[in-house]
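Me: I'm new to this one and would like to talk through how its chains meet. Could you take a look with me?

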4 protein chains.
Amino acid sequence: MIYLALNISIRLKSMIRVGVLGGTGYAGVETVRLLCGHPEAEITRIVSQSFEGKKFSDIYENLKGICDIVCSGLDIDDIAAACDVVFTALPHGASKEVIPALYEKGLKIIDLSGDFRYRDVKVYEKWYGQEHTSPELLKESVYGLCELYRDEIPKHRLVGNPGCYTTCSIMGLAPLLLDNAVDTKNIIIDAKSGVTGAGRGLALPNMFCECTETMKAYKIATHRHTSEIEQELSLAAGGEVMVSFTPHLAPMKRGIFATCYANLKEKMTTAQILDIFKKYYGKEQFVRIYEEGTLPEIKHITGSNYVAIGAVVDERLSRVVVVSCIDNLVKGAAGQAVQNMNLICGFDEGLGLKAAGMYL
Amino acid sequence: MIYLALNISIRLKSMIRVGVLGGTGYAGVETVRLLCGHPEAEITRIVSQSFEGKKFSDIYENLKGICDIVCSGLDIDDIAAACDVVFTALPHGASKEVIPALYEKGLKIIDLSGDFRYRDVKVYEKWYGQEHTSPELLKESVYGLCELYRDEIPKHRLVGNPGCYTTCSIMGLAPLLLDNAVDTKNIIIDAKSGVTGAGRGLALPNMFCECTETMKAYKIATHRHTSEIEQELSLAAGGEVMVSFTPHLAPMKRGIFATCYANLKEKMTTAQILDIFKKYYGKEQFVRIYEEGTLPEIKHITGSNYVAIGAVVDERLSRVVVVSCIDNLVKGAAGQAVQNMNLICGFDEGLGLKAAGMYL
Amino acid sequence: MIYLALNISIRLKSMIRVGVLGGTGYAGVETVRLLCGHPEAEITRIVSQSFEGKKFSDIYENLKGICDIVCSGLDIDDIAAACDVVFTALPHGASKEVIPALYEKGLKIIDLSGDFRYRDVKVYEKWYGQEHTSPELLKESVYGLCELYRDEIPKHRLVGNPGCYTTCSIMGLAPLLLDNAVDTKNIIIDAKSGVTGAGRGLALPNMFCECTETMKAYKIATHRHTSEIEQELSLAAGGEVMVSFTPHLAPMKRGIFATCYANLKEKMTTAQILDIFKKYYGKEQFVRIYEEGTLPEIKHITGSNYVAIGAVVDERLSRVVVVSCIDNLVKGAAGQAVQNMNLICGFDEGLGLKAAGMYL
Amino acid sequence: MIYLALNISIRLKSMIRVGVLGGTGYAGVETVRLLCGHPEAEITRIVSQSFEGKKFSDIYENLKGICDIVCSGLDIDDIAAACDVVFTALPHGASKEVIPALYEKGLKIIDLSGDFRYRDVKVYEKWYGQEHTSPELLKESVYGLCELYRDEIPKHRLVGNPGCYTTCSIMGLAPLLLDNAVDTKNIIIDAKSGVTGAGRGLALPNMFCECTETMKAYKIATHRHTSEIEQELSLAAGGEVMVSFTPHLAPMKRGIFATCYANLKEKMTTAQILDIFKKYYGKEQFVRIYEEGTLPEIKHITGSNYVAIGAVVDERLSRVVVVSCIDNLVKGAAGQAVQNMNLICGFDEGLGLKAAGMYL
């Protein structure tokens, strides 16, 4: 392709200055990795209390020469002076201590914890087992599932970035509820996660020899993401939805694979179900609907911001099985966070996020 | 512990002579491995058409000096002369060509294929997409799920050894149906298998680089084991049971992890559910029921013949989630086959099978 | 950072039109993946005889919506009309049948096979066990190890892209020989490769269950890359160098880890050895020299074009141990190929190649 | 095979009572697993300070119903009263505090730490960086490499069980030095270990996400096992031997793969080298010498006590490359420890240790 480009531009260009709090956890480093490839963002601060004073690329050597910033301690004034946007990738509970101060400084905040994902503070407090210290701020925040709240997000300065399991599950079920195709009872989400989902904290079950070549379920019927999924599916259905959500740990680094079961309200074919997904997601740049007879696998989206969705109708049982895959660190955390940054900063939503998955 | 043992015995000891047909596949080599440690069995023939004339331990070098038998071709007369019992670990469809001839010779046969697992030849023919050429022999056979058919098995010379997914699923659900505790509708089995389940045949999806660090579902709503599970659960329930069965491939060698969902007929606690399992399996040497609050993992049973079962009642939804784990090559194939051999030969059921799992 | 950019440009921009032959092998798909992110290249043809007529993104689903080109058969005229540059990622031996025809058409060619890496056709014929059918073209070609032949490469239209083991080994040893620091006898290279190095062809040893949780050496003293390493190290040393080269297969997808041993000519410290590396590679954008006391790991460079080198002097033995890591598919194949494309097309050498490694 | 067995025996049978100190580490649990299958040993104590009061099978659930002993604290009198033999699988340094007290009680002790492996206390103190507090006991101890010291071991009550890297390396090189076939200079051992070798202690580098899909070298030129290897190879050579020893961590649970390089004193063929190995190991029940043209892999010995050795002579360089594999937890720790127990208790050396490796 040969083309003639006459390009005359005069502009005042201002790179967005970005801070990453909790940058040395897995969600944090993934945020840093993505921001390093973002054409309009510049990382100015990485805050890490455990690694204060240490060069980021000495902790994550893949970033040698790419992100050699020295980690700083938590200093709200310094962050406010150095950043326009901050990503808070802190443990649940820690975020809500820090965010009010940052918010007051006028910063735009994308919070990767669970603290600002809820519409009803009581739901948060019930499932997280702690009081929410900034319920007033919860009202200011928006739930950052971009494909569902694209229009709302830019109106806010505080985004509650969705959880990994939740993004994967909601994306796989919301259209069917919005379209009133499935029964709201008997929805079951059987989800499998890679080990990065457990974070970087030292824990025996996540040691290589303890979790390779095995598999387990955990927190059956009690995992916090259940409440986040139910909040959003209820909104989609226009009525209360309660789900069985079972998380599993699988011996791989990245990826969430959600197998979702729902009973059809009336006889439908696989093709009809896929049409519903196309109706809602057909124009989405990060959603891939699989043709009938094909199904997504995690390796199709590893390392990328894509969501891959396939479905099969079991006509014997009048039940649909939806398969939904994301990379938990990208669309399930850092990628969606950058997508949210793009939305609240007025960039193209996909900026810096279009790299293909790794497959290998 | 010191004790005085006065042991006077006079006996005519006869080692059982065993043949393994299809010994070079994964179920075959696992059968050989277990038989090498069995005190009452002696392998006299390993039949492999692809490796005829080759030393078994040159194919599976872990058996050097332990099983150096030379593989032979398929010769019914030779097998009949050399063996008392044969294990047929042939591809589905191939078994039913060979088994009538072996049966006629008076041999005891444990068939690891799907060919002799069905009570109704029509179900077989529907799900396997081929005609059954020995329907009369199907009547002679017994379904070899030892914990359910312990009393029946010794009366037969032909055992249809259950499938891997099916053993794991049936063991996890049968007691609840036998006890009438769960609704027969809305039973969902979400199963995850290690890659040995796919066998040793060359296939792109099972290459290391294609299946490590990823996960997928396959044959949703159409996997053959569905019919085998439904046959047995229907018998347990005393009425037709149809289930959603979704197999997944996980990046590990061994193991099946079945997460089973069923709606409770009436309010029950986790403890009550576990009591039902204890009632049916309490005296089983190969079944481990997990205490409330603990759940099995695959590594607890890797390399062993044990079945590990745990359960959680989700009281919000009045639903039980049962987690059932086996090693697909052992309890799901070779181990249960040897257990069946023990039963039909009059040995202690656990002989040669009591080794602990590997954990590491 | 805020800056004022006045950018007036008038240019005739022509995207380089690129063909990838053998695009469905692992080196091929990695080339495609990298080219999809290259700002000056546009893939116009992917040639695959096994997948002719099939959409590339149906084979590698990670590229859905990113590279949906339909694979075409091998048609020299068509390729010549549609492409400016071609990457040939064909099996060894196949390349040299196709390349003369492409070369005659005036195309620029980067060949990923071993066919055009040798200065002496006899060495090729000895180690590859076949006659070279285009020895005259061998003279036209250049050995594409960019860091060593940066100035030569742009003068050629045919690049013999180096092997994976060889790039890793040569990069780790050449400076020490160029600097006359080590004895040319007793050089030992113990190299470990991920399984993608074995390609995508079906082969039992590369099945998941055969190669996970194990390790092996192969082709000891006879691997073809030995000759390529010796060719380049001899040039560096200014005299014949023969090495022990032992390749191993490790249970991981990507990466080569070469542990290189050489006897010091005279007493030196680790710091002095690292200084030699800095002298030769200090300005290289894709080479990272590790500080004393730190060593590279494969995860530092996974998915990227970087070479990571560390060293330790064993003063007891007056021997240096160099550790060199690359991603076999990137710097060891597709990445270096794109780097070569950049050089022969006059682009910035690192264009499209600067993404950080994955670490996770 | 049918035979008539007339078996009249009157015997006073006394099971050996065994204690395992440090039983909850990886070497400890492997010792327990092997002892559970040992026909003449009965575990009477498992000592674990971190898990005192906890059932062993609640820590290692693979042993449910097999080893349900409750862990006890460290009480020398109690151990002395309850045990005939103790295995001490304590951290290096801790062993030498406890062992004198146990030794004084008359117990037989197999120590899996490095504390009693040295003939010269100065070597220990130099490489372990600590004073040896029981140098007098060091003289009473024997180095428990069974194949080399079979005759000496039964004369001692204290066995210094060899290290994992050392067993693998010494077994692969000692015959060549004993036979004076190789130069004592320029011996290089490039060893790769599975992650269990790093133990069960929490450490970031051993977390799944940090060590899967990667590889690294560590402690180059400084690993303690160097001194143990040199001690034994020097004895074999009858003169000082110093080696380059480079340990690597590979993404697998079990296994050590040592690639050993040595220059031949004079021209020899691969067959001649293998004959040397056969001369020294031909009658060993746990050593497998591979035929020319075949090489061992870790999966050939995983889970078993076997050592697998192959060799290739590089005639171009007059150098031999020996490949030696063991399971680090079995022959490299617990298995050899049980083999030593068998020797010092007068049992058949292979008792309880003859299970085949897992392959899968």
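**How the chains meet**

Me: What makes D190(D) and K192(C) a salt bridge?

Reply: First off, this is a predicted model. The closest N and O atoms of D190(D) and K192(C) are 2.9 Å apart, and the cut-off for a Lys or Arg nitrogen and an Asp or Glu oxygen is 4 Å, so the pair counts as a salt bridge. The count between chain C and chain D is six salt bridges.

Me: How much area is buried between chain C and chain D?

Reply: About 4,100 Å², with carbon and sulfur atoms giving 56% of it. E213(C), M215(C) and R316(C) supply 16% of what chain C buries against chain D, more than any other three residues.

Me: Why is the relation of chain A and chain B called a two-fold axis?

Reply: A rotation of 180 degrees, with 0.0 Å of shift along its axis, superposes chain B on chain A at an RMSD of 0.0 Å. That is the relation of a two-fold axis. Of the residues of chain B, P251(B) comes closest to the rotation axis, its C-alpha being at 3.2 Å.

Me: How do you know that the copies meet through the same surface?

Reply: Because 100% of the interface residues of chain B are also interface residues in chain A.

Methods: Residues numbered from 1 in each chain as written. Chains lettered and ligands numbered in written order. Predicted model: local features only at pLDDT ≥ 70, side-chain atom pairs only at ≥ 80, totals over all residues. Heavy atoms only, no water. Buried area = accessible area lost by both parts, 1.4 Å probe. Salt bridge = Lys/Arg side-chain N within 4 Å of Asp/Glu carboxyl O. Least-squares fit on C-alpha atoms with pLDDT ≥ 70 in both. Contact = heavy atoms within 4.5 Å.
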